[in-house]
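The entries follow in the order in which I went through them.

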Amino acid sequence: GAAAVRDVLERLVILHDDGTPKTKHVTTNLVIESDAPGANATARSYFTVLQATATVPLQPIVAGRYHDRFVKQDGTWRFADRLIFVDLVGNVGDHLGH
C-alpha cells in the first residue's frame with residue numbers, strides 16, 4: 001500500500017538541502033487503451049529521471065518503462081497496478097542511499 005511505498009522511498013531516496021531529491025521525472029510516449037465500458041484501462045510509457053546537484057551536473061540517472069493498469073471507481077480513475085522496468089542506470093550516487 002501507500003504507506004509501504006512511502007517507507008521504502010524515505011529510506012532509500014536522498015533528500016538535499018532544499019528537502020527534495022533534486023530530480024525531474026519525465027514521462028513520454030504514453031499509450032493508453034481503455035475497455036469498451038470505460039471502467040478499466042492500461043497505459044505504457046517511457047520514463048527518464050534527470051538530476052542535478054551541487055556535486056553532479058544535470059544528467060539522466062535512470063531510464064525505463066511503466067506498464068500501468070487503472071480502474072474507474074465512482075467516476076474516478078485510480079491506479080490498480082504499476083510495473084516498473086528499469087532499462088538503463090547511470091550515476092545514482094546523489095539519488096539513492098544505502
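Which side chain meets Glu33 in a salt bridge? I found Arg44, with 3.9 Å from N to O. The term covers a side-chain nitrogen of Lys or Arg within 4 Å of a carboxyl oxygen of Asp or Glu. Glu33 is in strand β1 and Arg44 in strand β2, so this pair ties together parts 11 residues apart in sequence.

Basis of the entries. The model is predicted, so I note that local features need pLDDT of at least 70, that side-chain atom pairs count only at pLDDT 80 or more, and that totals for chains, interfaces and linings use all residues. Residues are numbered from 1 along each chain as its sequence is written, and side-chain values use heavy atoms, with hydrogens and water left out.

Exposure of that pair. I looked up both residues: Glu33 is partly exposed at 44% relative accessibility, and Arg44 is partly exposed at 36%. The classes are buried for under 20% relative accessible area, exposed for over 50%, and partly exposed in between, with a 1.4 Å probe and protein chains only.

Other salt bridges. My search of the whole structure gave five salt bridges. One of them joins Arg65 to Asp87, with the closest N and O atoms 3.0 Å apart. This pair links distant parts of the chain, Arg65 in strand β3 and Asp87 in strand β4, 22 residues apart. Arg65 is partly exposed, at 27% relative accessible area, and Asp87 is partly exposed too, at 41%.

Helices (H or I, at least four residues) and strands (E, at least two) are DSSP runs, numbered from the N terminus. I recorded Arg11 as exposed, at 53% relative accessible area, and Asp7 as partly exposed, at 39%.

Strands β1 and β2. How many bridges join β1 to β2? I recorded 10, between residues 23–34 and residues 40–51, and the two strands run antiparallel. Strands pair if DSSP finds at least two bridges between them. Lys24 has Leu50 in β2 as its bridge partner. The two strands form a hairpin with five residues between them, and Gly38 in the turn has a positive phi of about 75°.

Lys22 has a positive phi of about 55° although it is not a glycine. Lys22 lies in the loop between α1 (2–12) and β1, and it is partly exposed at 32% relative accessibility. Asn29, also not a glycine, has a positive phi of about 55°. Asn29 has its place in strand β1 and is exposed, with a relative accessible area of 53%.

Aromatic pairs. Rings of Phe, Tyr and Trp (its six-membered ring) pair if their centres lie within 6.5 Å; planes under 30 degrees apart count as stacked, over 60 as edge-to-face, and the rest as tilted. By this rule I count two aromatic pairs. The ring centres of Phe47 and Tyr66 are 4.6 Å apart with the planes at 25°, so this pair is stacked. It links distant parts of the chain, Phe47 in strand β2 and Tyr66 in strand β3 (residues 59–73), 19 residues apart. Phe47 is buried at 5% relative accessible area, and Tyr66 is buried at 11%.

Phe70 and Phe79 form a tilted pair, 4.8 Å centre to centre with 45° between the planes. Phe70 counts as buried, at 18% relative accessibility.

Charge over a ring. What lies over the face of Tyr66? I found Arg82 there, at 3.6 Å from the ring centre. The rule asks for NZ of Lys or CZ of Arg within 6 Å of the ring centre and within 35 degrees of the ring normal.

Surface patch. Val8, Leu12 and Leu96 form a nonpolar patch on the surface, with about 210 Å² of accessible area together. Patches take residues with over 30% relative accessible area and no salt bridge, joining like charges within 9 Å and nonpolar side chains (Val, Leu, Ile, Met, Phe, Trp, Tyr) within 5 Å. Accessible areas come from the Shrake-Rupley method with a 1.4 Å probe, and for residues only the protein chains shown count as cover. Leu96 lies in the segment after β4 (76–89) and is partly exposed at 38% relative accessible area.
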